[in-house]
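Have the coordinates open as you read.

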Amino acid sequence: MADNYLENRYEETHGKHAQKVIVKRVGQSLDSLLKKNRSCRGYDKRQAVSEETLEKIVAVNALLPSARNQQLLRFKLVTAETGAEKVLQNVKMGGALPQLHLPLPGTEPQAFIIVCSMAEPNPMVYVDAGISVQSMLLKAVDLGLNGLIIAAFNKQEIREAFALPHEPLLIVAIGKSCETITCVPIEASENHAYYRKDGVHYVPKVKPSELLIR
C-alpha cells in the first residue's frame, strides 16, 4: 500500500483542508478479554476485592439480554468481611483434580457473587445465568481481576447462611489470579480434562475448525 494512502483518500473524499477525525481504540479487545478469562482456582490474597468492585461487575447485568426480558436474576455480594469463609466451606473447586484439594492453602478466593433466580429454575433462567456470569467475568478481567464459575456447592447451606430470599443457581469467585493458565488446542476426539504440570494449569480447547458442522 502506498505511503499516506488513507490520508490521501480522506482528502479526495472530504477536501484537502477538511478537519481530520482521529479515532483511537480504547480498552481491551474482546479477543484479549476472552483469552485472559480463564477459570482461576488460586488467588493472591494480598489484593482484596471490595464490595464496590463487585457492584461494578454486577452492574453489567443492566445491559444484558434476558429471555422474555424478565430479568429474574438477583445477586448477593460477599467479601472477606461479609462471609467469604461461609462460602468457602460450602463449595468445591477443581473437581477434575481432587488429589490437589484446590484451592491450595493461602490462595482461597475472598470475594464471591451468588447468582440467584426469583423464579423456579428453568432452561430460560439458565440461559440468562450463562450470559450473566460470562459477562461478569469479562468485566472482572477488564478490571484486572479473574474469576471462576462454581456450580458444585451446597445450595441449602448457602441459602441459609446468607438468608437468601431466592434460589441460588451459581457462585462466581472473584480475585486476582496467582496461577499460570494456558490453553492447549486439541482435536474434538481428544481428552478434554484440564491438568497441571510443573505448576502450570493446562486447559484443552477444541480447535475452531473442529467446531464447525460441515
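Two strands count as paired if DSSP finds at least two bridges between them. Strands themselves are DSSP runs of E with at least two residues, numbered from the N terminus, as are helices (H or I, at least four residues). What you see is a predicted model, in which local features need pLDDT of at least 70, side-chain atom pairs count only at pLDDT 80 or more, and totals for chains, interfaces and linings use all residues. Residues are numbered from 1 along each chain as its sequence is written, and side-chain values use heavy atoms, with hydrogens and water left out.

Between them lie two residues, and Asp198 in the turn has a positive phi of about 55°. Within this pairing, Tyr195 has Tyr202 of β7 as its bridge partner.

Now look at the other neighbour of β7 (residues 200–206): seven bridges join this strand to β5, and here the two run parallel.

Put together, the three strands make an open sheet of mixed pairing, in the order β5-β7-β6. Its edges are β5 (180–186) and β6 (195–197), each of which pairs on one side only. On average, neighbouring strands of this sheet are turned by 35° against each other, direction ignored; such angles run from 0 to 180 degrees between N-to-C directions, with axes fitted as lines to C-alpha atoms, for helices over the stretch in contact.

Next, turn to β2. Which strands does β2 join? Six bridges link β2 to β1 (residues 73–78), running antiparallel, and seven bridges link β2 to β4 (residues 167–175), also antiparallel.

How many residues of β2 (residues 111–117) are buried? Seven of its seven are, where buried means under 20% relative accessible area, exposed over 50% and partly exposed in between, with a 1.4 Å probe and protein chains only. In a regular strand the side chains alternate between the two faces of the sheet. In β2 both faces are covered: Ala111, Ile113, Val115 and Ser117 are buried on one side, and Phe112, Ile114 and Cys116 on the other.
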